[in-house]
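Subject: Handover of a structure

Hello,

Please find the structure below, followed by notes on what was found in it.

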Amino acid sequence: MTREPFEAIVAEYGPMVLRVCRAVLGPADADDAWSETFLSAMQAYPDLRADSNIEAWLVTVAHRKAIDQWRGRTRRAIPMADLPDPAVSSSDAGVPGAQESELWDALKMLPPKQRQSVAYHFLGGLPYADVAAVLGGTADAARRAAADGVAALRKNPLVRMQQGDPR
Amino acid sequence: MMTTAPPGRDEDLFAPLLTDDSVAQRRLHARLAAAAAEAGILDVAYRTIDSPVGLLLLAATEKGLVRVAYATEGHDGVLGQLADRVSPRVLSAPARLDPAARELDEYFAGQRLAFDLPLDLQLAHGFRRTVLSHLPEIGYGRTATYAAIAAAAGSPGAVRAVGTACAKNPLPVVVPCHRVVRRDGGIGQYVGGSAAKQVLLDLEALTVS
């Protein structure tokens, strides 16, 4: 069976998986999730079916790793683990990349389903049918969750500030 | 139909997040390579080195050096062959190749006469492998004819097959097929091109003299 070297998979999809991990878990925890995702993926790679949708497969693995991390956090019961980290936003304010950090913070405030739908569709590039396959439920439900997420982001003062409201 | 996007598209909201973070990618890639090696799933590690005969690709399994490839062989194609024939778990991971890179640097500097590296000869089978096993018997700075190697490999008539074995040597430079030359004094063909073969023979002659 012909299969690309795994290096090519990392090069092609690494940036996408990092965006997804950052969106779902926040930038601070994204590195661990990315690493676990690609280590698992590399483990399973030789057995992956030749006609597999690599993007959707990687997002599925990342999704499971994110859930593991949430569970780990809950078990460790870190106080206020789901609140945006003020250290991250304030230290980045006013420097290049601050726009990004405010968006990551705003994403963190979304309920999980909305955050996941937004992350997998807009940052992972998956069509809603594939998002639904990852999350369970229908494509319509994934589309609605993503639309609700986008609407909430647009209302978030962090995002409105950085968008600068053109009109 | 207008081709420009209407203002305020949902996608635009996320545009600041779509830039690639190459610093993070490099850091994460190095971390993955280390974790994969530790987990025993780094089936093929590779890196490239600069050399007087151009950019060389080095690849190693857990057993040892499995492939040295000249740029003229097409490094992407060689990595594809490794994925096919050894394992698709192929990753750029320099650490495993550090000893090979060091010994090759020493060789090209004229400071090393023989390689002391674990080799994985799984890409050569049968008679080709037998031929490769006899090549290190040709000492540094010396040459042997295709016919002499055929005789040493136990098949004096198989001169052409020796040529093929050398041309398909998965470990050129390290397994010294460049020391096999024609009976008429011509240097013969080489997997890295005859110019590269001449560079290696000149280097060894100069070091010995």
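Chain A has a mean pLDDT of 85, and 80% of its residues reach 70 or more; pLDDT is the predictor's confidence in each residue, from 0 to 100. Over residues 83-96 of chain A the pLDDT is below 50, though this stretch has 15 contacts in the model beyond near neighbours in sequence. Two residues are in contact here if their C-beta atoms, placed from the backbone, lie within 7 Å. Where pLDDT is low, the predicted coordinates should not be read in detail.

This is a predicted model, in which local features need pLDDT of at least 70 and side-chain atom pairs count only at pLDDT 80 or more, while totals for chains, interfaces and linings use all residues. Residues are numbered from 1 along each chain as its sequence is written, and chains are lettered from A and ligands numbered from 1 in the order in which they are written.

For chain B the mean pLDDT is 93, with 96% of its residues at 70 or more. Its residues 1-6 stay under 50 and have 0 contacts beyond four places in sequence. The predictor gives the complex an ipTM of 0.91 and a pTM of 0.87.

Chain A

Chain A has 9 helices and 0 strands. Helices (H or I, at least four residues) and strands (E, at least two) are DSSP runs, numbered from the N terminus. Of the 167 residues in chain A, 40% are buried, meaning that 20 or more other C-beta atoms lie within 10 Å of a residue's own, against 12 or fewer for exposed and in between for partly exposed, with C-beta atoms placed from the backbone. Among contacts in chain A with a separation of 6 or more, 67% join residues 24 or more positions apart.

In helix H7 (residues 128-135) of chain A, the buried residues are A:Tyr128, A:Asp130, A:Val131, A:Ala132 and A:Val134. Just after H7(A) comes A:Gly136, with a positive phi of about 85°.

Chain B

Chain B is divided into domain 1 (22-108) and domain 2 (126-208), with bounds from an automatic or database domain assignment. The centres of these two domains of chain B, taken over C-alpha atoms, are 25 Å apart. In chain B, 9 residues of domain 1 are in contact with 11 residues of domain 2. Strand S3 (residues 65-70) of chain B gives the largest share of the domain 1 side, 5 residues. That side divides into 7 nonpolar, 1 polar and 1 charged; Ala, Val, Leu, Ile, Met, Phe, Trp, Tyr, Cys and Pro count as nonpolar, Asp, Glu, Lys and Arg as charged, and the others, Gly among them, as polar.

The axes of helix H5 (residues 126-134) and helix H7 (residues 159-167) of chain B come within 9 Å and cross at roughly 80°. That makes H5(B) roughly perpendicular to H7(B). Here B:Phe127, B:Arg128, B:Val131 and B:Leu132 in H5(B) meet B:Ala161, B:Val162 and B:Ala165 in H7(B). The residues of this contact are 6 nonpolar, no polar and 1 charged.

Where the chains meet

How many residues of chain B are in contact with chain A? There are 30, and they touch 28 residues of chain A. Helix H1 (10-13), helix H2 (22-38), helix H3 (75-85) and strand S4 (90-92) of chain B each supply at least two residues of this side. The largest share, 8 residues, comes from H2(B). By type, the chain B side divides into 18 nonpolar, 5 polar and 7 charged.

Regards

How values were computed
Axes fitted to C-alpha atoms, helices over the stretch in contact; angles between N-to-C directions. Parallel < 35°, antiparallel > 145°, perpendicular 65-115°, else oblique.
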